[in-house]
Amino acid sequence: MGQHRTAGTGEQTLEQIDDQSFEMIFLDVGLPDLDGRDLCRLLRKRRVKKPIIMPSEEISDANTILALNSDAGDCVTKPLKSDALLARVRAHQRQSEAAY
C-alpha cells in the first residue's frame, strides 16, 4: 500500500481531503470535534467516492447500522485484527477499482 496521512480531527480531515490523492479513508467514529458518522456524510456530500472504513470500539448492531447509514463502506471493531482488516481493505480496493 502507498503512503498515508493522518488527521486528528474532523476539521483537519476536511482540510486534507480536497486533493483526492488517497485510495481509502479510515474514519474513527469518535473524533474530538465531530462524530465520525456526521463527517462521513459531509465527505459524501463533497463527492468523496473512495471507500470509507469506520473503526469503532463499540460495534453493536445499532452502531453498525448508523455507520453504514452514514454511507461508510464498512465498520470494524477496535482493536483492529491485521489479517481481517487487510482482507477488508483488499475487498474494498477491488470494489473501488471495479467502479472506476
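Q: How should I read Asp71 at 44% relative accessibility?

A: Asp71 counts as partly exposed at that 44% (buried means under 20% relative accessible area, exposed over 50%, partly exposed in between; 1.4 Å probe, protein chains only). This is a predicted model, where local features need pLDDT of at least 70 and side-chain atom pairs count only at pLDDT 80 or more, while totals for chains, interfaces and linings use all residues. Residues are numbered from 1 along each chain as its sequence is written, and side-chain values use heavy atoms, leaving out hydrogens and water.

Q: What is the phi of Asp71, and where is the residue placed?

A: Most residues other than glycine have a negative phi, and most peptide bonds are trans. Asp71, however, has a positive phi near 85°, in the loop between α3 (61-69) and β3 (helices, H or I of at least four residues, and strands, E of at least two, are DSSP runs numbered from the N terminus). Arg47 also has a positive phi, near 70°; Arg47 sits in the loop between α2 (36-45) and β2 (52-56) and is exposed, at 65% relative accessible area.

Q: Which residues does a cis peptide bond join?

A: Lys78 and Pro79, with omega about 0°. Pro79 belongs to the loop between β3 (74-77) and α4 (82-99).

Q: Which residues have the most contacts inside the largest nonpolar core?

A: They are Ile25, Leu27, Leu43, Ile52 and Met54, in a core of 16 residues (buried Ala, Val, Leu, Ile, Met, Phe, Trp, Tyr and Cys joined through side-chain atoms within 4.5 Å). Both α2 and β2 supply at least two of its residues, and α2 gives the largest share, three. Another core, apart from this one, has five residues, among them Met24, Ile53, Val76 and Leu85.

Q: How many salt bridges are there?

A: Side chains of opposite charge can pair when their charged atoms come close. The count here is six (a side-chain nitrogen of Lys or Arg within 4 Å of a carboxyl oxygen of Asp or Glu). One of them pairs Arg41 with Asp38 at 2.8 Å, N to O; these two are three residues apart in helix α2, so about one helical turn separates them.

Q: Which parts does the salt bridge between Arg88 and Asp74 tie together?

A: Their closest N and O atoms are 2.7 Å apart. Arg88 lies in helix α4 and Asp74 in strand β3, so the pair ties together parts 14 residues apart in sequence. Arg88 is partly exposed at 34%, whereas Asp74 is buried at 13%.
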